[in-house]
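Visitor: I would like to learn how to read this model step by step. Could you walk me through it?

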Amino acid sequence: MSSTAAQVRRLQSVAPRVAQAALERARLTVVPRPRRTRAPRVPFVAFVSVILLAGVVGLLLFNTSMQQASFRATALQGQATDLGAQQEALEMDIQSLREPQRLARLAQEMGMVIPSTPAGILDLTTGRITGDPVPASGDDALPLHMPGPKKPAQLRRPADVKVAAGSRTDRTDRTVRTDRTPQRTERTPKRNGDGAPTGDR
Amino acid sequence: MQIGFLLIAIVLSVFAGRLVQLQAIDPGSYAQMAAREGRATVVLPATRGEILDRNGEALAETVDGRMIIADPAVTKKVAPELATMLARRLGVDYFQTLERLRVEGSRFQYVARQVPASKAQKVVADVRKKFTDDDGRPFAGLSTERDPLRIYPNDDVAANLLGFLGTPRDDGSAQALAGLETSFNSWLSGKDGEATYEVGAGNQIPLGDKTVTPAVDGRDLRLTIDRDLQFYTQRILQQTVTRAAGQSGIAVVMDSRTGQLLALADYPTYDASDPYRYDEGLYKSSALTDVYEPGSVEKVLTISSLVDAGLAFKEQKFRVPGKLYRQDRPIGDYWDHGTLRLTLAGILAKSSNVGTVLAADQFRRGALRRYLTAFGLGQRTDIGLGGETNGIVPKGAAWTSQVGDRIAFGQSLSVNAVQMAAAVNTIANGGVRIAPSLVQGAATTDKGQQVGSDQAATTRVISADAARETMLMMERVLDPEEGVAPGAAVPGYRVAGKTGTAQRVGEDGTYDGSTTVSFAGFAPADDPRFTIYVVVHSPRAGSGGGSVAGPAFSKLMSYTLRRYGVPPTGGKPNQTPVEW
């Protein structure tokens, strides 16, 4: 207990000194204003303006070029479509030129036929020919076209009909080539009904 | 001052009211209206897959096409000149076009559909230039829309298999009307995509909103068919049928080792690029849809089964009477003869019904049916075309002893041509039946069935020895002295085959006296590469399988062997005696 009292007393004696020091430390002085280095204002403003301007102009140019590119893209797209269509048309032409039917027809016009016998086979290593090759003959010619479609009966054209003199027309005996309309067909004699050629290929 | 505040308050409350109207009441429709403004949605069309032959030649392909649309309100004034020009350039009917260009009160009339794009564009551009209005602006009466065009560059070649597409539906989707186009419609079609983007003055706005659902193009369908061989087969078949004055015909060319169909021809057929000129009944492959009684070609199956079952061998001796009196009516041969002493090979070479029935008597009940089913008769081949028939192999009580006798030589049962070709090919392939295929690789039909050469199932039906022995007997069929079909021979090659001349069921459902003549065979006999089957229905009376179908077989086999560079094996044909 007595020691505590002693401590308090010592504190009391110390306190004024601390306060003094604090006081001394707290006595503020104005920081001396450093001498302002005046940065030159013009370049800075110019710099910022240039950046700003460059940004705006750049953006504008960028946008413009994007637009340009977009126009160009549309145009090129159109061109690509056109060219694609053209290519397809050309490919179609090739297809029709390569059609086996056409080739067979051209070949047959030149007197060529597909042989109906097997070919001889030449073995390249031994130089020996095997098989029993026979030259092709004209009998091997193929029918090049399918027979045309069958027409419905009422559309069939009867064969050329001889109309007797004075029967309907005043002209003398002549050949009437009846057309395909049913009305005209009815006028033709009965024997030309079913068995008549159809006029198909 | 206060009046001023009041005015401001009034104005602000008007704004607030409008805001509430826009934001609270139905904001969605306004948002949509805003979105529609300056926004374009285009369909990204999926391209329909091509149908290709085994070498990649296109059998059916899609090209970019356009429909040409007229606005009669504009075209009325220049209708005659315009119609003349369109008729000349597009080949459309002048009068019909003229009428359409003049329709009262309409602003949309088709002028032409499915015109190749480049042609349509050229024509429309020329029209725009030629018929400028008074101010010199281009003509606005014609426009084009996308209208894809399916072309079949080979006309009738493989038309029976391909089918065709009709005029597209109003929504632009394809309308498959027959054949593979129908059965693989979804495989070929793909799925249309869609792109939505903001536009300004007809150009897409860069950095604008854009959503794209890409189109999924249809897949190609590659067939096992060889286009040139198919062409040749169709022509030979046509020649054969017309020369024999037949009603129709079928020819099947099959790769013996893989079961792939190299050609599948039907006659008569139609032109896939111009189908509407032909009868609707032709839009199919009768090789699959039509059944008939195979006749003596089936004896090959009976005899090979006998050999496999160990009940017969090629030199086995039979006494073959001229007529065989069984329960209902006598069984005879196509030629009159007294009692012959034939070997089993002779029975096949001379195609004796009586002999075959005698040989088949050794079967226990049900055994032949089991073999025939294993050969694939009575079940669809499922090669990917719709409308296939099962064929009929009688079973249970329907298989009476008379029926059994007739089945042994190929009557009283019915097959389709592909089934029969696959059955004969079993012998060519050393006794293992390989399922025929039309599609190379694998593909899924609209019914969800996986088909294709990858799926081709193999099943052993008879032993390799039995197959070989049957082949040796089949060689005797082509023997110039002893056989019935010397005309089917291919010079330089060993060929095994069998003729068939079956009584045919006519349209009234009874045997009407007409016949089905056929020839099935394979070559080279000792190392088979190709199996060919030719059928002609209802030829001129007196025609036989050997005289009609045999020469066609010979031509087709020669062509096929030459085309695929198959050398002769160099062996000598089998000489098993036919008599004893």
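**Reading the model together**

Guide: Gladly! Chain B is divided into domain 1 (65-146) and domain 2 (227-274 + 282-563). Please keep in mind that this is a predicted model. Taken over C-alpha atoms, the centres of domain 1 of chain B and domain 2 of chain B are separated by 57 Å.

Visitor: How many helices and strands does chain A have, and what pattern do they follow along the sequence?

Guide: Chain A has 4 helices and 4 strands. Read along the sequence, they run α-α-α-β-β-β-β-α. Of the 201 residues in chain A, 8% are buried. Among contacts in chain A with a separation of 6 or more, 50% are between residues 24 or more positions apart.

Visitor: Now the contact between the two chains. How many residues come from chain B and how many from chain A?

Guide: In general, the size of an interface is often given as the accessible area lost when the parts come together. Here we can count residues instead: chain B gives 41 residues and chain A gives 33 residues. On the side of chain B, the elements giving two or more residues are strand S3 (58-63), helix H6 (117-130), strand S12 (203-204), helix H10 (227-243) and helix H19 (545-563).

Visitor: Which element gives the most to that side of chain B?

Guide: That is H10(B), with 7 residues. By class, the side of chain B that touches chain A has 19 nonpolar, 11 polar and 11 charged residues.

Visitor: How should I read a pair of packed helices?

Guide: Two packed helices are described by the angle between their axes and the distance between the axes. Let us begin with a pair that spans both chains. Helix H2 (residues 41-98) of chain A packs with H6(B) at an angle of about 120°, and their axes are 7 Å apart. H2(A) and H6(B) are therefore oblique to each other.

Visitor: Which residues of H2(A) and H6(B) meet?

Guide: From H2(A) come Asp82(A), Ala85(A), Gln86(A), Glu88(A) and Ala89(A), and they meet Ala117(B), Ser118(B), Lys119(B) and Gln121(B) of H6(B). This contact of H2(A) with H6(B) has 3 nonpolar, 3 polar and 3 charged residues.

Visitor: What about a pair within chain B, such as helix H4 (residues 79-90) and H5(B): at what angle do they pack?

Guide: H4(B) and H5(B) pack at about 140°, with axes 9 Å apart, so the two helices are oblique to each other. Their crossing is right-handed. Ala79(B), Pro80(B), Leu82(B), Ala83(B), Thr84(B), Leu86(B) and Ala87(B) of H4(B) meet Tyr94(B), Thr97(B), Leu98(B) and Leu101(B) of H5(B). The residues of this contact divide into 9 nonpolar, 2 polar and no charged.

Visitor: And helix H12 (residues 299-308) with helix H15 (residues 367-374) of chain B: how far apart are their axes?

Guide: The axes of H12(B) and H15(B) are 10 Å apart, at an angle of about 115°, which means that H12(B) is roughly perpendicular to H15(B). H12(B) passes H15(B) in a right-handed crossing. Leu301(B), Thr302(B) and Ser305(B) of H12(B) make the contact with Leu368(B), Tyr371(B) and Leu372(B) of H15(B). By class, the contact has 4 nonpolar, 2 polar and no charged residues.

Visitor: Finally, a single residue. Where is Glu99(B) found?

Guide: Glu99(B) lies in helix H5 (residues 94-101) of chain B. With 14 other C-beta atoms within 10 Å, Glu99(B) is partly exposed. Glu99(B) and Asp382(B) are 283 residues apart in sequence, and 49 Å apart in space, C-alpha to C-alpha.

Technical notes:
Residues are numbered from 1 along each chain as its sequence is written. Chains are lettered from A and ligands numbered from 1 in the order in which they are written. This is a predicted model: local features need pLDDT of at least 70, side-chain atom pairs count only at pLDDT 80 or more; totals for chains, interfaces and linings use all residues. A residue is buried if 20 or more other C-beta atoms lie within 10 Å of its own, exposed if 12 or fewer, and partly exposed in between; C-beta atoms are placed from the backbone. Two residues are in contact if their C-beta atoms, placed from the backbone, lie within 7 Å. Ala, Val, Leu, Ile, Met, Phe, Trp, Tyr, Cys and Pro count as nonpolar, Asp, Glu, Lys and Arg as charged, and the others, Gly among them, as polar. Domain bounds come from an automatic or database domain assignment. Axes are lines fitted to C-alpha atoms, for helices over the stretch in contact, and angles run from 0 to 180 degrees between N-to-C directions. Angles under 35 degrees count as roughly parallel, over 145 as roughly antiparallel, 65 to 115 as roughly perpendicular and the rest as oblique. A crossing is left-handed if the near helix is turned anticlockwise from the far one by less than a right angle, and right-handed if clockwise.
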